Amino acid sequence: MALIKKITPSSRNGDISALFSLILKAFAKIDWSSDTYLTSIIEKINVSNTSLIEALRRLKVYSQMAEKDRVRNMAIRDLFKLVEGYVHIPIADMKKAALVVENVLEQYGLSMQNKDYAAKSADIESLLNDLAKPDVVAAIANLKGVDETIAALDANQQDFENVTLQQAEGESVKKGLASASQLKKEGVIEINTNLVGYMNTMAKVKPATYEATAKTIAELINQNNELVKRRYKTNKLDSEVAGKTTG
């Protein structure tokens with residue numbers, strides 16, 4: 001039979017997590033309790049994958065925060081630009097109302113979108129409170145679209161705060177946890193160093209017990225390694241094309 005090859009270390013974190021899960025499912029089809037050496041390896045892979053999945057989840061939350069922040073920045077710009085347009089409109093009542101709202105916005109400035117997450121959140125909350133004052137609300141009523149734009153900013157801010165809360169809830173347990181890349185590295189080392197050689201040997205010594213599972217694992221790792229190769233070739237080709245284009 002084809003020997004199980006080692007996992008390509010440069011595999012992506014998400015791909016490795018998926019591979020670990022599939023390998024664990026392959027082992028789960030048989031009771032390996034009589035093989036204490038193998039069960040200890042399986043348990044280590046399981047622990048590594050559980051931690052890796054959690055680390056990837058944390059990374060996802062961080063990426064969501066960046067996206068939610070981008071969306072609320074757009075809402076800030078929309079509000080400032082809309083009010084600015086009304087300020088220059090040649091209709092006295094609208095211009096007067098727009099100046100009331102602009103006076104509030106100028107206290108914060110469009111540069112607020114360049115502040116860090118916490119400072120920006122504080123500014124947005126304060127701005128929304130100022131825009132909710134009776135005299136400002138009365139002015140906004142004369143400016144079509146402004147109320148809806150403020151509502152959009154409020155909703156975007158709440159979305160950001162919800163994701164921030166998710167991140168904060170995991171912050172206390174995140175300390176002391178390894179990064180996704182470190183966890184991937186540890187899991188790959190465990191498989192490449194301890195599992196691959198052992199399963200290849202046992203598939204020859206006791207094929208009736210080990211060979212089928214070994215073949216499945218060999219195929220899963222081959223598929224992963226081929227994916228890494230294809231990505232490398234694609235990236236190399238893209239780089240060569242870019243080089244010829246700019247050269």
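## A charge over a ring

A charge sits over a ring if NZ of Lys or CZ of Arg is within 6 Å of the ring centre and within 35 degrees of the ring normal. Here the charged end of Arg72 does that with Phe160, at 3.6 Å from the ring's centre.

This is a predicted model, where local features need pLDDT of at least 70, side-chain atom pairs count only at pLDDT 80 or more, and totals for chains, interfaces and linings use all residues. Residues are numbered from 1 along each chain as its sequence is written, and side-chain values use heavy atoms, leaving out hydrogens and water.

## Aromatic pairs

There are five aromatic pairs in the structure. Rings of Phe, Tyr and Trp (its six-membered ring) pair if their centres lie within 6.5 Å; planes under 30 degrees apart are stacked, over 60 edge-to-face and the rest tilted.

Take Trp32 and Tyr210: centres 5.2 Å apart and planes at 40°, so the pair is tilted. Trp32 lies in the loop between α1 and α2, and Tyr210 in helix α8, so the pair ties together parts 178 residues apart in sequence. (Helices, H or I, of at least four residues and strands, E, of at least two are DSSP runs, numbered from the N terminus.) Trp32 is buried at 6% relative accessibility, and Tyr210 is buried at 5%; buried means under 20% relative accessible area, exposed over 50%, partly exposed in between (1.4 Å probe, protein chains only).
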